[in-house]
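Subject: the model you asked about

Hi,

My findings follow below it.

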Amino acid sequence: MSSHGGGPKRDVIWADFNELYAYKFQCRHCPHKMANLVTHMSKHYEKNHSPTTTKCNKVEHSTSTPTHNSPRQQSIDGHVITTNPPLQKKIDNKIGRFFYQNNIAFNTVESKEYQKMVKTLHPGAKPPNQKQLSGDILEDVDCEMKSKVKLKLANQEATLAVDR
């Protein structure tokens, strides 16, 4: 996690917020979401979670001491979604099959809404671009389909008739 300016997060208020995605954070004490501006985060905390405040966004809270008095840094490990190469290849293959079987134009992958959809389905995945979809992914799916057809027809007899 990096702060808006790219530098380290030195303010203790960061301990009270979880990063949802780039520049968007959620309060650890309530469902409130906001940009990563320390002044706004501090105001939110003071207004809604100080020892004298008991409510924030209609969620009840105890009047315990604030957690940002402890400068302990939180681990990011449980908040990062990654996609390993075999999983990315499987995702690309499934997307390719969808495009080919439904005769969808390859330039659809450049659409912002399509890219948002893929990120929503699997945040760690990188949607394939038009060149990948019409190149390596198409070749992989084609090769896989030809192999399946060959296996299915391996011990079969067939007659091919051509009309002229």
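Accessible areas here come from the Shrake-Rupley method with a 1.4 Å probe, and for residues only the protein chains shown count as cover. On that basis the chain exposes about 12,300 Å², with carbon and sulfur atoms supplying 53% of it.

Before the details, some ground rules. This is a predicted model, so local features need pLDDT of at least 70 and side-chain atom pairs count only at pLDDT 80 or more, while totals for chains, interfaces and linings use all residues. Residues are numbered from 1 along each chain as its sequence is written, and side-chain values use heavy atoms, with hydrogens and water left out.

**Overall make-up**

The secondary structure comes to five helices and five strands; helices (H or I, at least four residues) and strands (E, at least two) are DSSP runs, numbered from the N terminus. Reading from the N terminus, the order is β-β-β-α-β-β-α-α-α-α. Of the 164 residues in the chain, 26% are buried, where buried means under 20% relative accessible area, exposed means over 50% and partly exposed is in between (1.4 Å probe, protein chains only). As for contacts (heavy atoms within 4.5 Å), take those between residues at least 6 apart in sequence: 41% of them join residues at least 24 apart.

**The sheet and its helix**

Strands of a sheet pair through backbone hydrogen bonds, either parallel or antiparallel. In this model, three strands form an open sheet in the order β1-β2-β3, and the pairing is antiparallel. Two strands count as paired if DSSP finds at least two bridges between them. The edges are β1 (17-21) and β3 (33-35), each of which pairs on one side only. From one strand to the next the twist averages 40 degrees; for angles like this, axes are lines fitted to C-alpha atoms (for helices over the stretch in contact), and the angles run from 0 to 180 degrees between N-to-C directions.

Between β2 and β3, which run antiparallel, there are three bridges. Lys 24 stands opposite Ala 35 in β3. Helix α1 (residues 38-49) packs on this sheet, touching β1, β2 and β3, and its direction makes about 150 degrees with that of β3. Phe 25 sits in strand β2 (residues 24-27) and is buried, because its relative accessible area is 0%. The C-alpha atoms of Phe 25 and Ala 35 are separated by 6.0 Å, with the two residues ten apart along the chain.

**Aromatic pairs**

How many aromatic pairs does a search of the whole structure find? It finds three. Rings of Phe, Tyr and Trp (its six-membered ring) pair if their centres lie within 6.5 Å; planes under 30 degrees apart count as stacked, over 60 as edge-to-face and the rest as tilted. One of the pairs is Phe 98 with Phe 99, edge-to-face at 6.1 Å centre to centre and 85 degrees between the planes. Phe 98 counts as partly exposed because its relative accessibility is 46%, whereas Phe 99 is buried at 2%.

Phe 99 also pairs with Tyr 114: the ring centres are 5.7 Å apart and the planes are at 90 degrees, so this pair is edge-to-face. The pair links distant parts of the chain, since Phe 99 is in helix α2 and Tyr 114 is in helix α3 (residues 112-121), 15 residues apart. Tyr 114 is buried, with a relative accessible area of 9%. Ring pairs therefore link Phe 98, Phe 99 and Tyr 114 into a cluster.

**Around helix α2**

Gln 88 is in helix α2 (residues 85-101) and counts as buried because its relative accessibility is 14%. Leaving aside residues up to four places away in sequence, Gln 88 touches Thr 83, Gly 124, Ala 125 and Lys 126.

In the loop between α2 and α3 you will find Asn 103. Its phi is near 55 degrees, a positive value in a residue other than glycine. Asn 103 is exposed, with a relative accessible area of 73%.

**Cysteines**

The structure holds zero disulfides, a disulfide being a pair of cysteine sulfur atoms within 2.5 Å. Is Cys 30 buried or exposed? Cys 30 counts as buried, because its relative accessibility is 7%. Cys 143, at 48% relative accessibility, counts as partly exposed.

Cheers
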